[in-house]
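This briefing covers side-chain contacts in one chain, grouped by type of contact. Please read it alongside the sequence and coordinates shown here.

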Amino acid sequence: MERELPKKRLKVEMEMKVVEVEGEVFWSWKKKKEKKKKKKKEKKKKKKKEKREKKIIFLGNGVSLQLVSAAHTDPAANGLKGKLGKAANLENWITKLTSLTAGESAFDVTFDWEEDVGVPGAFIIRNNHPSEFYLKTLTLEDVPGEGRVVFVCNSWVYPANKNKYDRIFFRNQAILPSDTPAPLRWYREQELINLRGDGKGERKEWDRVYDYDVYNDLGDPDNGADSARQTLGGSSEFPYPRRGRTGRAPTKTDPTCESRLGIVDSINVYVPRDEKFGHLKMSDFVAYGLKALTQFVTPALRMKFDSTPGEFDTFQDVLQMYEGGIPMPKSILDNISNNVPTPLLKEMFRTDGEQFLKFPVPHVLKDNNSAWRTDEEFGREMLAGVNPLIIRLLEEFPPASTLDPNVYGNQNSTITKAHISDNLEGFTINQALKNKKLFILDHHDSIMPYLRRINTTSTKTYATRTILLLKNDGTLKPLVIELSLPHPNGDKFGAISTVYTPAEHGAEGTIWQLAKAYVAVNDSGYHQLISHWLNTHAVIEPFVIATNRQLSSLHPIYKLLDPHYRDTMNINALARQTLINAGGILEMTVFPGKFALEMSATVYKNWVLPEQTLPADLLKRGVAVEDPSAPHGLRLLIEDYPYAVDGLEIWSAIKQWVTDYCSYYYKNNEAVIKDTELQSWWKEVREVGHGDLKDKQWWPQMESVEELIETCSTIIWIASALHAAVNFGQYPYAGYLPNRPTVSRRFMPEKGTKEYDELSTNPDLAFLKTITAEFQTLIGVSLIEILSRHASDELYLGQREHPEWTSEKTPLQAFEKFGKKLSEIEDRIMSRNNDGKLKNRAGPVKFPYTLLCPTSEEGLTAKGIPNSISI
């Protein structure tokens, strides 16, 4: 005899948030259970205010939901689909518009318990209203046999007439494809088909389609030949990771190039809406900040400097950017003020109604405004600066080039023993090499192939090599700098090089400071183009696209990786519109200019995914050796290497978390091999997303749990810690441009010239005339101030947006352990920073290395590891 279940009603109360920005209304829902007394009190409190506000009232059958059975199939669908419950509608959905602040009001959804439907595994939602909304969660309480059932949605739901299918959301379980309940399989597969799209037509904002394209949208050939740019990706000469496809029409001049959006529409560039900034965070500030910087601020500053060409004459002039402000004509400030939203204006320029542009003091200046000029700080920033990824062990002397001598002639170094032998603190060169005491910052080979063309522009710079000695106190002492130019008779004749050694006084002292500045110019450009843009932003985007196309939201690897993709496609799309495009801010402020992105494509040829892990990178650069007895299995040759020391702890914590998580779902290698979604994902990453490198032998085969763990750990490392290390120190270190100039405008002065005489008579002016000009400085500093900020609602490594992101206890416990481990690491980082014996932790500028501290407050903090590349 069957037991008769009592009738049951499943009731859900939710809360809506509304934000109005520039006429657009962004809706977000958040589940919230409230007591009736609290509701009455809030309604009474809001009544007066609501009379003054414009109301939008949605009632009745505007939004309906249906539960999808995970236990029973629908006979009418030939048993291929789960049985649907009766439609339930939102009740008492009333909300209002506000301006830039969140407004809330509750609504109910009531489902009848249907025995023939049973426990739901998903629900379908239909939006018959004219506006989209953001659905965060749906939670069912007291479900028979289950208790609490949670659906974490975090997705925009557009009106039903915008899409040809109903929206479906699955409960917070992670299920491998082979374990998917039969009633849910069709829905799981169909959702992925919808997300892949058909690869045709221009994408609209409501489309949920993830697809690939090459970088053919950087130039604007319709605006003249000077605005045309090389397509990146799809060729062996210029390989590149793929970007998200928008499907915009081709240009009239070149049908292989995609047309561009105007500046006004730049923030509306297509990315799937769930990838777009839609939450209340600083990312909204970023989007509008980049638009304002491009559309209003840059032209206004250009107007000032076109009419009254300006230069910084002294370092005190530069310091005025932070102490008193740069005086600006009232008409120019009025133009900026009238077109840039007030909160943005105050954050970016702090003009306070006065005729000055004023910036916050960069961390590198806070304790001492001249310590940045010391040789010790110059070396320290290679270990604890914004680009601590390049320095490597010098294994042969003199340094040799890897450039093809048939094309570039002899590019080997001209540094001799005589240049450094007297400065090795008792070592001979052979002893220093044998004892692994010599290191090199080598930008020669990456820059030389483009240097002739770069120097035809207003830029005048060199390809550089810097050799340093590891001293007994753990600091690095620069020994020699080599500046090289292409031979005037042609590339095949090799390089023309000049070697400089340290000096402190007179013209020679200024020349040494200039030599270090040329090195910093190289390093700044390489940092922005390669370490930052290419090796984090660009290489991660194909993983974002492939994950959404091939892994269901039910898939455990989707749930593992998804938080590390938040906002990446959108910030990359904004970058293509305003930063890395032809004439964009990056071309304007970084030395390679219009050759910048093309140069990064030549470096991508040598990108190797397995070498992106921190241990592999350190071993490749020779700054660490394998040692089973050492922490993390590596012994650092430079023991006080803050980036490496802190980074190895973060890497190990990430890998342990990923190991615990993956091992729960994949008990053996066979489970990896037989996971159809996983294998499709990996095939697409390799053959499409990074398709220009698909034939490289280094690709993991994805046939073992170990390969899966290593790959997922690498993705998370790149998207979180690696990006944090190269991004959030930009303003703290480079907000003061003399410390990290991005451009050099003239070559080293030669004896017998008035420029050389100026090295002695006015060394500051000689230095400032050589590096980044005032206009470029203001634009560049404005940009990196925006990009170095943390969001108000940032999610950091070890945090999730929803505590019930999965229903499985073991992964949740492993994640909690991961969070505690990160907290312990943060304490150890702070302890190391207080250890006076570790001279590289803070250096002469007394700015402790905190870029890999896991958490942070909002703003310019020089610390914190966000989950994803969201800025």
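Trp-657 and Tyr-661 are both buried. The model is a predicted one. Four residues separate Trp-657 from Tyr-661 within helix H19 (residues 642-665), which is about one helical turn.

**Aromatic pairs**

- The count of aromatic pairs comes to 32.
- In the pair formed by Trp-657 and Tyr-661, the ring centres are 5.3 Å apart and the planes meet at 55°, so the pair is classed as tilted.
- A cluster held together by ring pairs takes in Tyr-215, Tyr-240, Trp-533, Tyr-604, Trp-607, Trp-681, Trp-682, Trp-698 and Trp-699.

**Charges over rings**

- Arg-273 places its charged end over the ring of Trp-156, at 3.9 Å from the ring centre.
- Arg-800 lies over the face of Trp-805, and the distance to the ring centre is 3.9 Å.

**Salt bridges within a helix**

- The structure contains 47 salt bridges.
- One of them joins the side chains of Glu-377 and Arg-380, with an N to O distance of 3.0 Å.
- Glu-377 and Arg-380 are both in helix H8 (residues 375-384), three residues apart, or about one turn of the helix.
- Glu-377 and Arg-380 are both buried.

**Salt bridges between distant parts of the chain**

- Lys-477 and Glu-425 form a salt bridge in which the closest N and O atoms are 3.3 Å apart. The two residues are 52 residues apart and link distant parts of the chain: Lys-477 belongs to strand E20 (residues 476-486), while Glu-425 is in the loop between helix H10 (417-420) and helix H11 (429-434).
- Lys-477 has a relative accessible area of 17% and is therefore buried, whereas Glu-425, at 44% relative accessibility, counts as partly exposed.
- Asp-116 and Lys-83 meet through their side chains in a salt bridge of 3.9 Å, N to O. This pair also links distant parts of the chain, 33 residues apart, with Asp-116 in the loop between strand E8 (103-112) and strand E9 (120-127) and Lys-83 in strand E5 (residues 82-84).
- Asp-116 is partly exposed at 42% relative accessibility. Lys-83 has a relative accessible area of 22% and so is partly exposed, because buried means under 20%.

**Salt-bridge network**

- Salt bridges link Asp-213, Asp-217, Arg-243, Arg-248, Glu-258 and Arg-576 in a network.

Notes:
Residues numbered from 1 in each chain as written. Predicted model: local features only at pLDDT ≥ 70, side-chain atom pairs only at ≥ 80, totals over all residues. Heavy atoms only, no water. Salt bridge = Lys/Arg side-chain N within 4 Å of Asp/Glu carboxyl O. Buried < 20%, exposed > 50% of the residue type's maximum accessible area, 1.4 Å probe, protein only. Phe/Tyr/Trp six-rings, centres within 6.5 Å; stacked < 30°, edge-to-face > 60°. Lys NZ or Arg CZ within 6 Å of the ring centre and 35° of its normal.
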